[in-house]
Amino acid sequence: PDLPLLARAEDLADRKRMAAATTEALSRERSRQLADRQLAETARAGLGHVADPTPLQRRLALLDGAEERERALRQLEHRLDAQRAQLGERVARLGHGLADADALAALPLPSLGAAEATLRDLRLVDDALGRLHEAFSALEEQAGQAEARLALLKSGRPAPTDAAISAARRDRDIAWSALRPLALGERGRRDGDVESVVNLGRALVAADQLADERQVETQRLAELAQAERDLADLAVRQDAARKRLAEATARHGAVLRDWSGLWALSGLQLSADDRALALLREVESIRQARDQLRQEAAQAAAQRESIAFERAETDRLRAQLDLPALGEAPLRMADLRDAIAVAEARFLKARDHERDLRQLDEGQVDLAAREQVAAAVLAGLVAEADEVFPRLAIRAEASAGEARAAIDLWRDALQLCVKLEMAERRIAGIERDRDQFASRVAALLEE
C-alpha cells in the first residue's frame, strides 16, 4: 500500500483507540455515578424528613439572654426580700407602734424643713432666753451689791461740822502762838513749853483728823449719791430685762406650741431636739427606700411576666425538639442550642445529599450527552474503517490495537522491501564487480 493510505489507517486506528478509551471512561463514569447516587440516596433516606431549622433558630435568637434575665430576676427578688426585711427592721427600730413602711408612709409627719426651721427658731429663743436670764441674774446680783454698798455707805458716822473744824483750828493756832516766839528765838525756854508742845501736837492732829474726816465724809456722800443713782438705774434696767424676759418666755411658749402643732396630726409627741430631726431624716430615708423598692418591685413584676412568656416559649421549643419539660427548674438554653445545632447539622447534611443528588442528575444528563457524542464518533469511525481497513487486508471490525498491529506489519514490510532492494543492488554491484574482475583476469591471462 502507498504511504498516504497507511497514514490514514494509522490516524483511523489512533482515533478508534481514543474513541474506545473515551467509551470506556464514560462507562466507568456512569458506573461511578450510579454508585454515588445509590450512596447519596441511602444517606438521604437515612436522615428521613428534615425541617429547616431557621425558624427554630430565629425563635431561639429571640430568647437570647433569657437565662441571664431569669438569673437576674431571681437575684432581684432575693435582694427585694432582703430590702423588705431591712425596711421592716428600720421601721421597728423607730418604735411608735408602726406596723410597716406603708403605715409609716401614710403617717402625716411634718416636713423636715419645717421641723428644722421650728427647731432653729426654738434654739434661737432658748439662746436668747438663756442670755436674758443670765443678764437678769447679773442685774439682780449688781442690785444686791449696790444695795449692800448703799447700806454700808449709810451706816457711817456724821461728818464734822464747820464749827468743830474752826474750834480745832483755833486751838491749834493758840498752841502755836504760845510756842511761836520760842521757835523764832524771840524768847527763851520756859517750864511750861513742854506741855505747850504736847498741846500743839494734839491740836495739829485733831485739826488734821477733823479735816480728813470731813474730806472722807464728803467722798462718802458723793459715793452714796452715786450708789443711789446706780441702784435707781439698775431698777430701770431690771424692769426692762424683766419685760424682755417675759416676751422671750412668751415667744418660747409660742414656738413650743408651733412644734407641738407640727406633730399634732401624726399623734406623736416628740421632744424639740435633734432626735426628732433624726427621726424625720430616717423616715424620709425609709420612704425613699420604700418608693425605690416599689419601683424595683414593679420592674420585677414586668420582668417576671416577660420571663414567664420566655419559659412558655422555651417549653414549646423543647417539646418541638423532643426535649423533656423543665418544670420549675432553671432555664437551660444550652440544651436548646445543642438540639438546634444537631437539627441544623442534619439539615445541612440532608441539603448536601440533595445537592449531591441534583449534581449527580445533572452529571448523568451531561454523561448521556457525551455518550451520545462518543457513539456518533464511534459510528463514523466504524464506517470509515469499513472503507479503509479492507484495503490493507484488515478486518473492518478489527480493534484499534489489531489495526495498529497490522499497520505496523505493513510498515515493517515496506522497510523490508527497501532493505531487499538495497541488498539486491549490492548483490548486482558485487556480481558486476566480479564479472569485471573476471574479465580483467581473463584479459590478463590472454596476454
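**Surface patch and salt bridges of the predicted model**

F437 is located in helix α10, helices being DSSP runs of H or I with at least four residues, numbered from the N terminus. The structure is a predicted model, in which local features need pLDDT of at least 70 and side-chain atom pairs count only at pLDDT 80 or more, while totals for chains, interfaces and linings use all residues. Residues are numbered from 1 along each chain as its sequence is written, and side-chain values use heavy atoms, without hydrogens and water.

The mean pLDDT (the predictor's confidence in each residue, from 0 to 100) of the chain is 79, with 83% of residues at 70 or more. Among the elements, the highest mean value, 88, belongs to helix α10 (residues 400–446), and the lowest, 68, to helix α4 (residues 101–106).

Together with V441 and L445, F437 forms a nonpolar surface patch with about 320 Å² of accessible area. Such patches comprise nonpolar side chains joined within 5 Å, from residues with over 30% relative accessible area and no salt bridge; areas come from the Shrake-Rupley method with a 1.4 Å probe. F437 counts as exposed because its relative accessibility is 52% (buried, under 20%; exposed, over 50%; partly exposed, in between).

The whole structure contains 30 salt bridges, defined by a side-chain nitrogen of Lys or Arg within 4 Å of a carboxyl oxygen of Asp or Glu. In the pair E70 and R74, the closest N and O atoms are 3.4 Å apart. These residues lie four apart in helix α3 (residues 66–94), and therefore about one helical turn separates E70 from R74. E70 is buried at 5% relative accessibility, whereas R74 is partly exposed at 37%.

Notes: Helices (H or I, at least four residues) and strands (E, at least two) are DSSP runs, numbered from the N terminus. Patches are made of residues with over 30% relative accessible area and no salt bridge: like charges are joined within 9 Å, nonpolar side chains (Val, Leu, Ile, Met, Phe, Trp, Tyr) within 5 Å. Buried means under 20% relative accessible area, exposed over 50%, partly exposed in between (1.4 Å probe, protein chains only).
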